[in-house]
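Open the model in your viewer and keep the selection panel at hand. The stops below say what to select and what is there.

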Amino acid sequence: MTSSSIKTEQEIQSISKAAALGDRCFSHILGFIKPGMSEKQVAAEIKWFLTTNGAEGLAFDTISVSGKRSCLPHGEPTNKPIEKGEFLTLDFGAVIDGYCADMTRTIAIGSVTDEMRRVYEIVLEAQLAAIDYIKAGVRCFDADKTARDIIVNAGYGEYYPHGLGHGVGTLVHEAPTLNAKSEEILEKNMVITIEPGIYIPDQFGVRIEDLAIVTDFGIINKVESQKELIIL
Ligand SMILES: [Mn+2]
């Protein structure tokens, strides 16, 4: 069952625990990934780490997509090996006390092209702009627009097919919906994701996603993992 979009202190604590475990998992996985491993191997390691470190389960099936497959926003992991020169997008979340977390990082293996770096920087700029803008009282479509304008103005608007984010609670997708049409107003103690992305068909994709608590003064970001480009 879905939880109320405005969370209690106790609910926020549980979600924060789940998000903190996600950060620990990401840092573990950075030391685990080696070129030649499959997307599925990485997804299996994420599941193992989360469930042996306090998670009751996973909030959703882990997304682990590399190379051309990183342009699939909801791609399932395959046996494809992760190669040097590719992006790898990891989207995952733990469940603790019945509450979900949700985070995404895109990392590079070995090296990036100039265009890969440029697209990464645009997504990061868009994500940081939305983080700066969001606070209680903001309309969801304005939050979405803050990030979207940066991507559109950089010339990649057609490659950003989804909304900025969503509420998270007992379900990983709850109200509010943050997209170009949503007139909902963000309120204190809503828990939302902020996750712009750019996906260039048959080339690569980038998404950066944090999980945040809305306050009267801004957001409290519960995901602390590095988002400046990591090249393993
Ligand atoms: Mn999400």
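How many bridges join strand β4 (residues 94-96) to β5? Two bridges join them, and the strands run antiparallel. Before going further, note that this is a predicted model, in which local features need pLDDT of at least 70, side-chain atom pairs count only at pLDDT 80 or more, and totals for chains, interfaces and linings use all residues. Residues are numbered from 1 along each chain as its sequence is written.

**Stop 1: the sheet around β4**

Select β1, β4 and β5. These three strands form an open sheet in the order β1-β4-β5, with antiparallel pairing. Strands here are DSSP runs of E with at least two residues, helices are runs of H or I with at least four, and both are numbered from the N terminus. Two strands count as paired if DSSP finds at least two bridges between them. The edges of the sheet are β1 (57-58) and β5 (99-100), each pairing on one side only. Now pick V95: C100 in β5 stands opposite.

A contact means that the C-beta atoms of two residues, placed from the backbone, lie within 7 Å. Axes are lines fitted to C-alpha atoms, for helices over the stretch in contact, and angles run from 0 to 180 degrees between N-to-C directions.

**Stop 2: the sheet around β3**

Select β2, β3 and β6. They make an open sheet of three strands in the order β2-β3-β6, again with antiparallel pairing. Because β2 (63-66) and β6 (103-108) have a single partner strand each, one side of each is left without a neighbour in the sheet. From one strand to the next, the twist averages 10°.

Four bridges link β2 to strand β3 (residues 87-92) in the antiparallel sense. Click S64 and look across to L90, its bridge partner in β3. Then show helix α2 (residues 39-52), which packs on the sheet, touching β2 and β3, with its direction at about 150° to that of β2.

**Stop 3: the whole chain**

Zoom out. The chain has four helices and 13 strands, and its C-alpha trace spans about 45 × 45 × 25 Å along the principal axes. Buried residues (20 or more other C-beta atoms within 10 Å of their own, with C-beta atoms placed from the backbone) make up 46% of the 232 residues. Among contacts between residues at least 6 apart in sequence, 70% join residues at least 24 apart.

Definitions and conventions. Buried ≥ 20, exposed ≤ 12 C-beta atoms within 10 Å, placed from the backbone.
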